[in-house]
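Welcome! Take a moment to look over the sequence and the model shown here before reading on.

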Amino acid sequence: MASDRPVREAENRLERFNADRERLLSEVERRVVSRRVAEAKAGGDASLEYVINDVAFCEIKRLEAQKNGAADKWRDLSRRLMSMTDEDKQSELRSLVRYYGQDVVGNFDPRVYKFATGIGPSLLGVVFNPMSSLREGMAAVRNLENRITADGEIEVARACAERGTIIVTPTHSSNMDSPAIGFGLMRAGLPPTTYGAGKNLFSNPFISFFMRNLGAYRVDRRLRFELYKDVLKEYSTVLLEHGYHSLFFPGGTRSRSNLVEKNLKLGLLGTSVTAYKNLVREGAPNKRLYIVPATINYRLVLEAETLIDDYLAETGKSRYIITDDEFSRVGRMIEFFRKILVHEGSVVVRFGRPFDPFGNDVTDEGESIDRAGRIVDPASYVRGADGEVTDDDQRDAEYTRALGRRLAQVYPKLTVFHATHLLARALFDELAKRAGTRDIYRLMRVGAAGSAVPVVDVLESLVRLRARIAQNPSFGSEHPLHAPQAATAIIDDALRGLGTYHTHPAVVRRSETLHVEDVKLLFYYQNRTAHIPPEGAS
């Protein structure tokens, strides 16, 4: 059994983060500038000029709509660029890298960490739990760990954290994922991590306070130019090389549809290969890196209504960052916490078996193994025939794609189905059968909202669904608390969730029929099971 040493070491390392921060930033600056200058010399002056002009053009485009003069300094930079000397361009490049590096870099306050992991959860329970007495409230606080639970391949993950540096890669459903995975890591006895969080999340003052002080670094998805991506990736690489456990959301942004992610964004994930390659080059091949897949599984999703509307709307195709959803409304957050804290197992964080940066499985001791089960040296993946470390961007990109494929393959198996998912799928199947289509747009057009389905039909569909899940572990699994329950109990539990939290209930029961009130919400929750083929499908 793994010790709690990696947790203590990670806490100590994070406590030193602020002292390390300037050194880390300087290393990022040195690497990005030297690489860009070398590329400019190899390809002519224009390449460095292009990099700076790309920044100015994108910032002007982003800021000019504000009509407050914010774009003026970038227009001035674009004008001055034509008359700059080589030294001027290098100086400007260095200033830009420093500017964006300071915007990205995180902070860690040991006092906030102790609060968040100590009395924070208890205070959360007292503030948000609608109890009739203080005695009941304190009982709920003691049982808070039953509300957000962690399971899966925890022992192997802890062993890997003890041997090297872990990169936790969870699915992404909600802006509540950051605190949820934080609680999950704590429940699992895994070390705290640094992590990249969308800059829009810092607009919520309550969550922002903790994120700013617990190692989160800011990712501004509005900035699409290459230099910003260079800074962001290099910062992640440097953190990993210095042994900071990290967390990435490979889905990039929240899953608007609630589908388990398949098409992953590999940018930050690729820094694991780069960081390990650099460690091998520096003579530290035994400083291993491990990727730990995880799923975050909610009974209810805070922003479900906004997310599914955005997914289904034509404008949703381009609305990448949502700033006006339920996460930004304090009242809705309070109601969400209330629903979590009164229901056992409302959030399940399930950890999978770790991989190495090349997508290989690992043994219980953290050794990489190939598909035949033979132990392999991961350093051999970045060395050439002469045994020396080689830089090969095409090779490294393929390694990252292979790792992404492994994550996409394992996420469904790690998915935990709550009663809300199971009822939504069984009821959606019955609606689709009656309408002759599973297409949500057609169902909306034919007025599926308002449809009534006999409870007995949904029960039969639910029984069949549960049997298929039990027979196919690759589909995922039911919530551990559901296994001994009858299908009728699953329906009752799901109705309490789907019928009480959201602005409009997804489904309600009237006598012996289930009435669909919001087919879009029903579609959203059933989507968590969408990787399970419909009955009769080949």
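Residues are numbered from 1 along each chain as its sequence is written, and side-chain values use heavy atoms, with hydrogens and water left out.

Let us start with confidence. Where pLDDT is low, the predicted coordinates should not be read in detail.

Now to the sheets. Helices (H or I, at least four residues) and strands (E, at least two) are DSSP runs, numbered from the N terminus, and two strands pair if DSSP finds at least two bridges between them. Seven strands make up an open sheet with mixed pairing, in the order 1-7-6-2-5-3-4. Strand 1 (148-152) and strand 4 (216-219) are at its edges with a single partner strand each, so one side of each is left without a neighbour in the sheet. Inside this sheet, five bridges join strand 6 (residues 289-298) to strand 7 (residues 347-351) in the antiparallel sense; T295 has R350 in strand 7 as its bridge partner.

Two helices lie across strands of this sheet. Helix 10 (residues 177-188) lies across strand 1, strand 2, strand 3, strand 5, strand 6 and strand 7, and runs at about 60 degrees to strand 7. Helix 13 lies across strand 2 and strand 6, at about 155 degrees to strand 6. Such angles run from 0 to 180 degrees between N-to-C directions, and axes are lines fitted to C-alpha atoms, for helices over the stretch in contact.

Another open sheet has three strands in the order 11-14-13, with antiparallel pairing. Its edge strands are strand 11 (452-454) and strand 13 (507-510), each pairing on one side only. From one strand to the next, the twist averages 30 degrees. Strand 13 and strand 14 (residues 513-516) are joined by four bridges, and V507 has V516 in strand 14 as its bridge partner. Helix 19 (residues 455-471) packs on this sheet, where it touches strand 11, strand 13 and strand 14.

| Helix pair | Angle | Axes |
|---|---|---|
| Helix 13 (residues 271-281) and helix 16 (residues 393-414) | about 125 degrees | 9 Å apart |
| Helix 17 (residues 419-435) and helix 19 | roughly 120 degrees | within 9 Å |

The angle makes helix 13 oblique to helix 16; angles under 35 degrees count as roughly parallel, over 145 as roughly antiparallel, 65 to 115 as roughly perpendicular and the rest as oblique. Residues S272, V273 and K277 in helix 13 meet R395, D396, Y399, T400 and L403 in helix 16. This contact has three nonpolar, two polar and three charged residues. Ala, Val, Leu, Ile, Met, Phe, Trp, Tyr, Cys and Pro count as nonpolar, Asp, Glu, Lys and Arg as charged, and the others, Gly among them, as polar.

Helix 17 and helix 19 are oblique to each other as well. Among the residues that meet there are L422 and L423 in helix 17 and V458 and L462 in helix 19. The contact of helix 17 with helix 19 has eight nonpolar, one polar and eight charged residues.

Definitions and conventions: Predicted model: local features only at pLDDT ≥ 70, side-chain atom pairs only at ≥ 80, totals over all residues. Contact = heavy atoms within 4.5 Å.
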